Amino acid sequence: WTGKVFYHQSFDDVISKNPYSTGAELKYNNGNLNAEWSHLMVGSDYNAEVGYVRRTGVKSMQPQLGYTFYPKRLKFIIRHGPELQLEQLHADGYGKTDQELTLRYTARFRNQSSAYLSVNRVYLKLTDPYDPSRSEGLEYQAGDEFNYWYVYTYYRSDSRKPLTFAARGMLGGYFEGERYTITGDLEYQYRPYVNLSLDASYNKVIQPLPFNSVDYWLLGPRLDITFTRELYFATLVQYNSQRENLNINARFQWRYAPVSDLYLVYTDDYFTSALAPKSRALIFKLTYWLNV
């Protein structure tokens, strides 16, 4: 058994009605059975001046139940099992705004790769107008409610090998329409000197007329080179069809003393339609650690 509980109270000169945040978490795990309960309440006037709060005026809960099998006859698999999870959120003035029920089956293989498949049921109530296509089209309005299903799958290869990859896929409902997503990561490591990777993502959002339907691509090759323990180089190229932007970012780093670095960064942005430059910048940064 493990768990925790907390209560935070904020104090300031403004008269507040609910300047608190409180939550609790309780977990049970005997090796096979895994059960968890957690909840969080954040008052509408809670003010964490030296911290970050995602939302105020909300109450959320997240129970979870799973079971793990350790097969003896299957030589290629270490463990596998089902998991049921519920995430639910209530917002002041709106009641229940978010709910997602997930049934997931996870497997961990002997070669250290892993995979899972989940079926998800979503309920959503908008608190602000929103365009699911993110294309400045017609928006659904605050107070609109949606119910839909989707399927999600994930696979990660053995991360100990020089060449690794991960793949994710999602298909199913999305607001009043559908969404199809495929993402992949391919990485090659020549330890400890070179790391070369490619991230790719494709999203297709289909909404009924008069709402917009869109296709988005995101591509991001990256190269990291470690010349010595003090000298590094990294460069990233990113193509984003949603923003119609091509970005190049190159960074040179020299650690000339402990926790002290010199950075030289070059960044370049282009319009993808004509490869015309948007902006360019050359940035110099120097840091030094004073051990006093």
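Is Arg134 buried, partly exposed or exposed? At 53% relative accessibility, Arg134 counts as exposed, where exposed means over 50% relative accessible area, buried under 20% and partly exposed in between (1.4 Å probe, protein chains only). The structure is a predicted model, in which local features need pLDDT of at least 70 and side-chain atom pairs count only at pLDDT 80 or more, while totals for chains, interfaces and linings use all residues. Residues are numbered from 1 along each chain as its sequence is written, and side-chain values use heavy atoms, with hydrogens and water left out.

Arg134 lies in the loop between strand 8 and strand 9; strands (E, at least two residues) and helices (H or I, at least four) are DSSP runs, numbered from the N terminus. The phi of Arg134 is near 50°, a positive value in a residue other than glycine. Glu244, likewise not a glycine, has a positive phi of about 50°. Glu244 is placed in the loop between strand 14 (231-240) and strand 15 (245-257) and is partly exposed, with a relative accessible area of 49%.

Strand pairing was examined next, two strands being paired if DSSP finds at least two bridges between them. Strand 10 pairs with strand 11 in the antiparallel sense over 12 bridges, and Gly172 stands opposite Arg179 in strand 11. Two residues lie between the strands of this hairpin, in which Phe175 takes a positive phi near 55°. Strand 11 also pairs with strand 12 (residues 194-206), in the antiparallel sense and over 13 bridges. Here Ile182 stands opposite Tyr202 in strand 12, and the hairpin of strand 11 and strand 12 has three residues between its strands. Pro192 lies in the loop between strand 11 and strand 12 and is joined to Arg191 by a cis peptide bond, with omega about -5°. A cis peptide bond also joins Leu209 and Pro210, with omega about 10°; Pro210 is found in the loop between strand 12 and strand 13.

The structure holds nine salt bridges, each defined as a side-chain nitrogen of Lys or Arg within 4 Å of a carboxyl oxygen of Asp or Glu. One of them joins the side chains of Glu83 and Arg104 at 2.4 Å, N to O. This pair links distant parts of the chain, with Glu83 in strand 6 (residues 77-91) and Arg104 in strand 7 (residues 95-109), 21 residues apart. Glu83 counts as buried at 18% relative accessibility, and Arg104 counts as buried at 17%. Between Arg168 and Asp185 a salt bridge is formed at 2.8 Å, N to O. Arg168 is partly exposed, with a relative accessible area of 22%. In the salt bridge of Arg160 with Asp158, the closest N and O atoms are 3.0 Å apart; Arg160 counts as exposed at 54% relative accessibility, whereas Asp158 counts as buried at 6%.

A search of the whole structure finds 18 aromatic pairs. Rings of Phe, Tyr and Trp (its six-membered ring) pair if their centres lie within 6.5 Å, and planes under 30 degrees apart count as stacked, over 60 as edge-to-face and the rest as tilted. Phe146 and Phe175 form an edge-to-face pair, 5.0 Å centre to centre with 70° between the planes. Phe146 is in strand 9 (residues 145-156) and Phe175 in the loop between strand 10 and strand 11, 29 residues apart; both Phe146 and Phe175 are buried. The ring centres of Tyr202 and Trp217 are 4.9 Å apart and their planes stand at 40°, so this pair is tilted. Tyr202 belongs to strand 12 and Trp217 to strand 13 (residues 214-226), 15 residues apart. One aromatic cluster is formed by Tyr130, Tyr140, Phe146, Tyr148, Tyr174, Phe175 and Phe211. The charged end of Arg179 sits over the ring of Tyr174, 5.2 Å from its centre, the criterion being NZ of Lys or CZ of Arg within 6 Å of the ring centre and within 35 degrees of the ring normal. Lys96 lies over the face of Tyr123, at 4.8 Å from the ring centre.
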